[in-house]
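Work through the exercises below with the sequence and model open. Try each task before reading its solution.

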Amino acid sequence: MVLNYYKNFHRVYLYGAQKGKKMKRLTLLALTLLWAVSGTAYAKATGCLSCHEGIEDIRDKNSAMLLSIKALGSQHGDPEGCVICHGGNPKATTKEAAHKGSPQSLIAAKGAQTFYRDPGSIWINKFTCSQAGCHQSYSERLEKALMNTEAGKIQGNLHTWGIPEVQNYKVPWGNYDVKDEDGTVPNIGTQAYKDYMQAMIKAHPDQFPTEMKKVPQPSVKEIEKDPKLAGFTYQRQQCQRCHVGVRGREKRGDYRGMGCSSCHIPYGNEGYYEGKDPTIKKDQQGHLLVHSIQATRKTSVKAPGATYSGIPVETCNSCHNRGKRIGVTYQGLMEFPYGSPFNEEGKKQPKLHTKKYLFISDDLHHQIKSRPENPKGGMLCQDCHTTIDMHGDGNLPGTTLAQVEIECQDCHGTPEKYPWELQLGDGEEFAKPLKGKARGLGDATLDVTAMFATYYDKQDGYLLTARGNPFGNVVKSGDKVIMHSATGNDFEVPILKTLKLTKKWKSQDAMVAMSNVKAHADGLECYACHASWVPQCYGCHVKMDYSKGKDGKPLHDTDWVASGNKRTPDGQTAESTLGIKGIQSPGKAFETRSYLRWEEPVLGINGEGRVTPLMPGCQVVFTVIDRKGKTIALNQTGKSHDEAKMLGQKRVPLGLDMAPVQPHSAQRKARTCESCHDNPKALGYGISGGVFQTRYVENVVEDLIDQKTGKVIPGRYKIQIPKIEGMDFDWSTIVNAKGEQVQTVGTHWPLSRALPKEMRDGINRTGLCMGCHREMSDEQLWAAVANPGRLNDQQHIDLMNKMIKAYAKQKGNK
């Protein structure tokens, strides 16, 4: 009964908020009185605050959440409510006793009987965040979601190493053993969403497994027999630190909590506590910034530098800085090794997420407040991404596309249709015609968001995602669409059909590309053009070394999967205590790369069947050193036999992956027509058509060479650039001159591939300049059409426009 107070309080509070400010104030007053009459008198000399005096309230003092927690705490002898989340014994007089055990009334109600240092930990949050009356269903959903399993990352990387179990789009492994035992019907969502997802799961069962096993770790002996198995060590040591089951790496920019606390508790990049709890060290890195929850617009956080709402982008980037790098890309950052320019101390940049960065251009949705073109400031990740995108829906997704439910068109529409006129599935058609009526608008938010998130009046209705759920923060208001940001700002969303009808395109190029060329809107992702840059880290050279280090001891590193699977009753894992490295496994990874680019990304087809930017995903070339220091695999690559079968080609593509990506680098000015139609790289043929870096298949020696025979003249020489067997192409090439796909393009969905030949031929307009300029050799003809001097670009365009009009007139007169 007591533990239902919070749920009931929230319902009352929500009702009051919807009825107006007066009812809201009365609701808060009632909650305050309930706390006062149900609790004992507060005294600094007793309870948790006898040590933690000055600690920040977890929520603002007048919030329904905090008042409910305090009222519940009073039922267990703790009027401040600490035990409701942390457990422990508020009546104890020593730290040891206070942080051990809980009041019997609380044990009976929650089944918990210990102290929780981090109540957000996914391993105990069913007793805390998801306890009865609070955020129920979140714990179970998050356990199966990608933030915990990282199933897609595991499948993609191991595919690159040539591991056969993950070929043919299979997803057998996650960070933990987990089963989806309640069927394919999502736990949350509208009926339209549930119907949509059941159909999607039926069509793509491999991408929605019903069970995952913990990703294995072969023994060193097994690896020495089959060196590609070193990919499992690399995976567990280097790629799995970001899931919410562990606390992660203790490096600048990577500090965070566990489970719910990974996102909802603020950690500064420097990792220092800046609150007023006297028991938390102010000079030790790895602590939360302040003891407060960050969540939606109504959740205000007071920190030394600012009072803010929402979850800052940099919180997301404690994880989203590697792999596809969408978090740092959204901020406009791309990793670069140089660390320039020098700072006032004459030093290079401090490392962030263990890297140094170059600023390229941040996503237009991110624009910071100081910029004149967007004085309101930018959007947060959560403004677009839904509760299902982040917490899952109760099913087991095997890839990002299986979990993320949103498309650009959901808010912006298309030049032909308003968002509410689109059908469900628009933007992710999977190469099939859509069926059904227009999606319309939503009348209510999802129950989970209605109870806990900030409530916004629906106006004419809530816009719906591509899969049928309402955006609780995006509404139609007359002829406008308003997006309510968790920052506190409200934005009017540009609607493409409105731009077309009112003829308010920013440029003629935009009108032609988005409206007149209908194939663009029908077959391209919006970001195929608007993401004018993508981080391109070509070549992931990995050395897995199982020999001994300089100290004579076997090399080793933290195994994040093993560490996450070793847990204590208080929800902590083997590595979660500050200063503890966790469980170590044999071997250590060393990485380098070939080269970096950001401009004019390669295009391909994604899992939805649409043209998309590609980026080097896991272009792994691996070298393995055994326990005796012997190289047992040198610059090896995996092979994509499943890709060759799917493409129906004899040549087996290398496992190097050029991955379809939504890069989160959208710009107001899209990439130019020429950057695709006059660019071999964009079509997949490689930089400048793949004419460079063609000697990977041979050892390159730079010394005295007999130019007649090609022989090395000295008897003693070194190989300057070792060969990579089978790599007769540049890293940016995915299609060779024969039309064969030479690299893997995506590992998760059957439709992912290079642009097909007919599409490449239709796009390619390289060399069209010669249609006119070949006549320059005819001096008499050229003198008749040329003007003195040199034409600028606009004059050139105008001249060609006159030519096509003259041709049309001539044709019409015949």
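**Exercise 1.** Which residue forms a salt bridge with Lys 170, and where do the two partners lie?

*Solution.* Step 1: apply the criterion, a side-chain nitrogen of Lys or Arg within 4 Å of a carboxyl oxygen of Asp or Glu. The partner of Lys 170 is Asp 206, with the closest N and O atoms 2.9 Å apart.
Step 1: Lys 170 sits in the loop between α10 and β1, and Asp 206 in the loop between α11 and β3, so the pair ties together parts 36 residues apart in sequence. Helices (H or I, at least four residues) and strands (E, at least two) are DSSP runs, numbered from the N terminus.
Step 2: check cover. Buried means under 20% relative accessible area, exposed over 50%, partly exposed in between (1.4 Å probe, protein chains only). Lys 170 is partly exposed because its value is 37%. Asp 206 is also partly exposed, at 26%.

The model is predicted: local features need pLDDT of at least 70, side-chain atom pairs count only at pLDDT 80 or more, and totals for chains, interfaces and linings use all residues. Residues are numbered from 1 along each chain as its sequence is written, and side-chain values use heavy atoms, with hydrogens and water left out.

**Exercise 2.** Take the salt bridge between Asp 182 and Lys 144. Is Lys 144 buried or exposed?

*Solution.* Step 1: the N to O distance is 3.7 Å.
Step 1: Asp 182 lies in the loop between β2 and α11 (191–203), Lys 144 in helix α8 (residues 138–144), 38 residues apart.
Step 2: Lys 144 has a relative accessible area of 5%, so this residue is buried. Asp 182, at 40%, is partly exposed.
Step 3: widen the view. Salt bridges with shared partners join Glu 140, Lys 144, Asp 180 and Asp 182 into one network.

**Exercise 3.** What is the strand order of the open three-stranded sheet, and which strands stand at its edges?

*Solution.* Step 1: the order is β1-β3-β2, with mixed pairing. Two strands pair if DSSP finds at least two bridges between them.
Step 1: β1 (173–174) and β2 (178–179) are the edges; each has a single partner strand, so one side of each lacks a neighbour in the sheet.
Step 2: β1 pairs with β3 (residues 211–214) in the parallel sense over two bridges. Trp 173 has Lys 213 as its bridge partner in β3.

**Exercise 4.** How many residues of helix α10 are buried?

*Solution.* Step 1: α10 spans residues 151–160, and nine of its 10 residues are buried. Among them are Ile 154, Leu 158 and His 159.
Step 1: look just past the helix. Gly 162 takes a positive phi of about 85°.
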